[in-house]
Amino acid sequence: MKLLLENWREYLNEGKTIVKLYTDPNYYGAEVDEDAVKGRPSVSLDIKDLVGFEPDEKMEDPKSAAAVENIKNDILAGKDMPPILVRKYGVGYQVLDGHHRFHGHKKAGEEEVKAIIIPDDEIEEVDKEDIE
């Protein structure tokens, strides 16, 4: 059952940082408050409506490519995957966490992926200057 986006506010912890996005081009990544995400509803989103926060080239690294291939095989074998985390981005969504699963679904030929939508007020972007 798909939930209406208007009803999501009741599940959210408005204003608290749930996802920290590291924007340093040498790192790129996300830190997630797993407890705050646990229990939130997910929706099915069209893969064609998603773009990654991390550059696609990061998935070409041998370690990442192997992880994506394993996830693709798990999906094709019918294994359930945890939802990815996304935020509204233009006319679609941007993947915040779960890039390997996102690319694994794409490689498996899936048209949809389960996702939890994180509102912008629960996302903190951290650049290199903030880390040092």
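## Two Crossing Helices

Helix α2, formed by residues 62-76, and helix α3, formed by residues 99-107, have axes that come within 8 Å and cross at roughly 55 degrees. That angle makes α2 oblique to α3, since angles of 65 to 115 degrees would be needed for the pair to count as roughly perpendicular and angles under 35 degrees for it to count as roughly parallel. The crossing of α2 past α3 is right-handed. The model described here is a predicted one.

## The Contact Between α2 and α3

On the α2 side, the residues that meet α3 are Ser64, Ala67, Val68, Glu69, Ile71, Lys72 and Ile75. Their partners in α3 are His100, Arg101, His103, Gly104, His105 and Lys107. Sorted by class, this contact of α2 with α3 holds four nonpolar, five polar and four charged residues.

## The Three-Stranded Sheet

The model also contains an open sheet of three strands, arranged in the order β2-β1-β8 with mixed pairing. Which strands lie at the edges of this sheet? They are β2 (29-32) and β8 (123-126), each of which pairs on one side only. On average, neighbouring strands of the sheet are turned by 20 degrees against each other, with direction ignored.

## The Pairing of β1 and β8

Strand β1, which covers residues 19-22, runs parallel to β8, and four bridges join the two strands. Within this part of the sheet, lysine 20 stands opposite glutamate 124 of β8.

Key
Residues are numbered from 1 along each chain as its sequence is written. This is a predicted model: local features need pLDDT of at least 70, side-chain atom pairs count only at pLDDT 80 or more; totals for chains, interfaces and linings use all residues. Side-chain values use heavy atoms; hydrogens and water are left out. Two strands pair if DSSP finds at least two bridges between them. Axes are lines fitted to C-alpha atoms, for helices over the stretch in contact, and angles run from 0 to 180 degrees between N-to-C directions. Angles under 35 degrees count as roughly parallel, over 145 as roughly antiparallel, 65 to 115 as roughly perpendicular and the rest as oblique. A crossing is left-handed if the near helix is turned anticlockwise from the far one by less than a right angle, and right-handed if clockwise. Contact means heavy atoms within 4.5 Å. Ala, Val, Leu, Ile, Met, Phe, Trp, Tyr, Cys and Pro count as nonpolar, Asp, Glu, Lys and Arg as charged, and the others, Gly among them, as polar.
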